[in-house]
Every structure is written in structure tokens, then in C-alpha cells.
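The sequence and structure come first.

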Amino acid sequence: MPLQFYNTLGRRLDTFEPVNPGEVRMYTCGPTVYDRAHIGNFRTFIWEDMLRRYLRHSGFRVTQVMNVTDVDDRTIKAAIESGQTLAVEKTFFDDWEVLGLETVEHNPRATDHVDGMIELVRRLESAGLTYERDGSIYFAIDRFPGYGRLIDLDPAELKPGERVEGDEEYSKENPRDFVLWKGGARDVEGQVAVWDSPWGSGRPGWHLECSAMAMEFLGEQLDIHTGGVDNIFPHHVNEMAQSEAVTGKSFARYWLHAAHLLVDGGKMSKSLGNFHTVASLVERGARPSAIRYLLLSAHYRTQLNFTLEGLAAAEKAVERLSEFKKRLQDVTADSASSKESTGAQDAVDAWKAAFHKAMDEDLGVSGALGATFDLVREGNAALDEGRLDLSGAELILGALDRFDSVFGVLALREREDRTVNPDLAAWVEDRIQARAQARIDRDFAAADAIRTELDERGIVLEDTASETRWKLRRDADLDAFDPAAQKS
Ligand code: AMP
Ligand code: ZN
């Protein structure tokens, strides 16, 4: 089956065919850096990360652009009040890294691309699609027949008088006309909020930035444009209209939108105490791998309800995958030498077929995860019965690697195990060395004492034929660990 995506444009499942074979140009609406991103935002970003990973997994080269909105009204307000946008942007990319998202090819800031936006307004103006009111420039939707094509919107049905964009609407020809250039009314001292333009000082409208940056980095025609459902209208409708009005070409072939994340069945809110950020969850002991797994585990077009119970279940699921991987890694050339690895190839082939079938159909994660846990169950049974030899184990490890190149949870889990706390890790490695030496010296009492000492801190040792691994029990008290106190 070919790769298919549900396209908001046309509202149907479309076979994916990029403009240039083998190459995908993808634009993602990025964060507004006026306030810290929450896990809802990250549901959308992680899904977009999985999309790019799956495209690569399917053999495409991917160039992805995700902008940073540092110029919209809210951002400017926050910047003025606290000078915080850079700090918020940094925190955003810290969270990004914690959740194991890949670095995308381009992360332009809107404020660095105002010239390109001015150029677009100029081109729209020469095409006769704009008008000026009180120093601001508007896009006249009635003059562009393609307006609203993304969602089958009929401009004639948009009733004049309907409140759309606050006070500005009273002076517009049509209340749905949107601003391309905001006249310098809100001139704010010392802030990057005002630029010179042929229409006087001011700043670009929000929709304009994505058109300008998408075209600057990806050209006039993109393959995929993504965002959350709240972006569809007016943002993507307007972005599409102004881009197509400038180029006369269709802007993006596939428009993909993720449904929202709910928390405890409703909207996240600070007053309900269920407003979660990546950092707030990690502070209360959540593993990033579990957050990532949970956010990926439901189909992107269905709402996902986030609960702490769901997070605990996600942690168990990742744990199961990770334990399975460790068991496979423990299989050595002689650990099952008398057995043969029947079935491993069949199981991996079945996994591969089911995984791709599910993912090819609009990223069907449930089917993909189901197939992967079938493989875990069969593999564990084969291990229990001593039916798996080294080559069989390696085949299955290969499948797990392929799984994780798309889902990215095992890599995170392994990173967590290694780096929960670098001081702690160094200390544990040191104790493991001391224990190994004690065993070489046949001082088993000392070796056992070290194991007990670690165990009391929630650190569990696992001896394999070649090495000693360690992991943290869930109740491990990392706060109680003070490296200075261990130096003695
Ligand atoms: P913003 O910073 O508000 O522009 O949002 C960044 C991204 O997160 C956009 O793609 C939004 O569509 C998306 N988003 C916002 N709220 C949620 C939510 N509750 N669940 C999922 N995605 C969201
Ligand atoms: Zn955008």
C-alpha cells in the first residue's frame, strides 16, 4: 500500500507524492514564544517529529522548516513586560531536546525575516489585492477567488458585521479581511516591534510570517504543511491565500493537522492545577520517554486525554520494550547454542509488514504499536523457551531499532538510564569498578556490601556475562544524592 495522509485540503486520504520524487519539503508552524510551551503544544510537535522520522524511514529526504513566532501581539507584550522572549525560546528548545525531538533543518525567527514579509505585501499590493485603512494594509478576500479553498469556505457566506478581529474590523471592507501590515499605532519604545516599510513604520501580520519563511527556505510549492487544528482557520486559510495570490501556484499539497490534547478530560488550566509543562512533569518524576510515548500513542487526528495514570501506563509500556531489548542484548553466541532460531525471521517479517501497513495509512500508531508488542510477546516466549539464538536475537534487535528510529522512545529511555544525573552516574560507575575489583580479589563480603549500598539508594545492578549494568528503581531518591558527600 502506498503512503497516504489525510489531507485537510479536500478532506480525504490522499496518496503521498512529493513535487520532487524522493524529497519532502515540509513546513511546521512553530511556537509563539510569549509563554512557556505546554504538553499540548508538544503533542503536536512530537507528532510532527514522528512524521518526519517516518518519511525518512520510508526513504525520503526531508527538509523541514519550523518558525519561531517572536513578533505577534502576545509576544511583543511579554517582551515588553519582561524582556523574556529569548529565554522562553531557549526553554522551548530545552524541552524539545528533553523529549528527543530531532533538530529540524531550519528554525527561522520571524523578526529576522521582516524584509521577506514586506516584499510579499508589495507583491500583493501590485496584484491589486490590498487596501489601506488607518495606516494598516489589509488583504481583500473578496478580490481573490481562491480564498478559503483549504476548507471550502465561501467568502460570500461570510457575513459582514460578524466580529472577527477586534476593533480593526469596523474600518475593513469585509470583516474577514486580514491585516498584512499593522501601521505603527502600537509603537513601543526600544522593542523590536516596529520596522520601516513603504507604508510607514509598523509590523507584519501574523499569517504573513509563515508564507514568507516557507517560501524563503522551501520555494513556492511545499509538499507538506502541518500544525494543530486551531491553526486551520484563520491562520492556514490566510497563509494559503496570500501565498497563492503572490505565486499563482498551489502552495502546499498536503495540509496535515493534529487534534488537541486534553488534560483530565478538559482544557489545561493553571487554576485546576493540571497545566503541565515538560519541566513540571519531569520535576515530579516523570520520565521524558514516558511523556513522549504517551503523546505519540494515540492517532494524531483524535483528541488525546492526558492523565497521570496514562503517564504511568506509558512508563510501563516503555519499560516493557526496554526490558525486552536488554534481554535480547544478553543473548550471546553460546547462550542458546543448542537451539535454532526458528521463527525469528517470520516474526520480524510479520512485524515489518504490519508496522508499515499501519503507518502508511495516515500514521496509524495503534496498529504499529500493536505489531511491535506482538513481537515483544513472541520474542519473550522464545527467550523463555530458549528458542532464540544470537542471529535470531540480532534480527529482532534490528526490528526494534527500526521501530525506534520512528518512535524515538527507547533511545530516550537509554539516555535517561545513563544520564539521570551525571554525578550520580559517575559515582555508580566508580562503585561498580570497586565491586568488580573486590570480586577479582575474592573479597565477596566487600562486593556484596557495595551492591547493598547501591540498592539502598534505589540503584539495581545486573550482571551479564560481559559487564555489570545498572538501573534506577522507580523509588530511587535522586534528590538525596549529594555527590560532594560521596567523595570520602
Ligand atoms: P502556539 O505556540 O500557541 O502557536 O502553538 C504551537 C503549536 O501547538 C501549534 O501547532 C498549535 O496548533 C499547537 N497546540 C496548541 N494547543 C494545543 C493543544 N492543547 N494540543 C495540541 N496542540 C496544541
Ligand atoms: Zn504558521
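## Zinc site

Donors here are N, O and S atoms within 2.8 Å of the metal; water is not among the atoms, so sites may look incomplete. The model is predicted. In it, the zinc ion (ligand 2) is coordinated by the SG atoms of Cys 29 and Cys 210 and by NE2 of His 235, at 2.0 to 2.2 Å.

Along the chain these donors follow the spacing C-x180-C-x24-H. The cysteine pair links distant parts of the chain, 181 residues apart: Cys 29 is in the loop between β3 (23–28) and α1, while Cys 210 belongs to helix α5 (residues 206–218). Both Cys 29 and Cys 210 are buried.

## Surroundings of ligand 1

Ligand 1 is surrounded by 13 residues, and the closest are Thr 32, Gly 40, Thr 44, Asp 230 and Leu 261.

Oxygen atoms of the ligand take part in several polar contacts. An oxygen atom of ligand 1 lies 3.0 Å from a polar backbone atom of Thr 32. For Gly 228, a polar backbone atom is 3.2 Å from an oxygen atom of ligand 1. With Asn 41 the side chain is involved: one of its N or O atoms is 3.1 Å from an oxygen atom of ligand 1.

## Largest pocket

How much space lies in the largest pocket? The volume is about 1,000 Å³. Its lining consists of 32 residues, and those nearest the centre are His 38, Asn 41, Arg 74, Asp 230 and His 260. The elements that give two or more residues to this lining are α1, α3 (85–98), β9 (222–228) and β11 (261–263).

Helix α1 gives the most to the lining of the pocket, with five residues. By class, the pocket lining divides into 12 nonpolar, 13 polar and seven charged residues.

## Cavities

Rolling a probe the size of a water molecule over the atoms shows where empty space is left. The count comes to two cavities of 30 Å³ or more. The largest cavity has a volume of about 50 Å³.

Lining the largest cavity are Arg 43, Trp 47, Met 50, Leu 295, Leu 296, Ala 298, His 299, Tyr 300, Leu 363 and Val 365. Helices α1 (39–57) and α8 (288–296) each supply at least two residues of this lining, and α1 gives the most, with three. The lining of the largest cavity has eight nonpolar residues, one polar and one charged.

## Backbone features

The peptide bond from Phe 233 to Pro 234 is cis, with omega near 0°. Pro 234 is found in helix α6 (residues 232–247).

Asp 134 is in the loop between β5 (130–133) and β6 (136–139), and Asp 362 is in the loop between α10 (344–360) and α11 (365–384). Is each of them buried or exposed? Asp 134 counts as exposed because its relative accessibility is 69%, over the 50% cut-off. Asp 362 has a relative accessible area of 2% and is therefore buried, the limit being under 20%.

## A buried leucine

Leu 281 lies in helix α7 (residues 278–283). Its relative accessible area is 0%, so Leu 281 is buried. Leu 281 and Ile 291 are 10 residues apart in sequence, and their C-alpha atoms are 8.4 Å apart in space.

Terms used: Residues are numbered from 1 along each chain as its sequence is written. Chains are lettered from A and ligands numbered from 1 in the order in which they are written. This is a predicted model: local features need pLDDT of at least 70, side-chain atom pairs count only at pLDDT 80 or more; totals for chains, interfaces and linings use all residues. Side-chain values use heavy atoms; hydrogens and water are left out. On a 1 Å grid over the protein atoms alone, a cavity is a set of points where a 1.4 Å probe fits but cannot get out, and a pocket is an open set with protein on both sides within 12 Å along at least five of seven lines; lining residues have an atom within 4 Å of a point. Grid points are joined across faces, edges and corners, and a volume is the space filled by probe spheres set on the points. Helices (H or I, at least four residues) and strands (E, at least two) are DSSP runs, numbered from the N terminus. Ala, Val, Leu, Ile, Met, Phe, Trp, Tyr, Cys and Pro count as nonpolar, Asp, Glu, Lys and Arg as charged, and the others, Gly among them, as polar. Donors are N, O and S atoms within 2.8 Å of the metal (3.2 Å for Na, K and Ca); water is not among the atoms, so sites may look incomplete. Buried means under 20% relative accessible area, exposed over 50%, partly exposed in between (1.4 Å probe, protein chains only). A residue is near a molecule or strand if one of its heavy atoms lies within 4 Å of it. A polar contact is a pair of N or O atoms within 3.5 Å; within protein, one must be able to donate a hydrogen and the other to accept it, and residues adjacent in sequence count only if both atoms are side-chain atoms.
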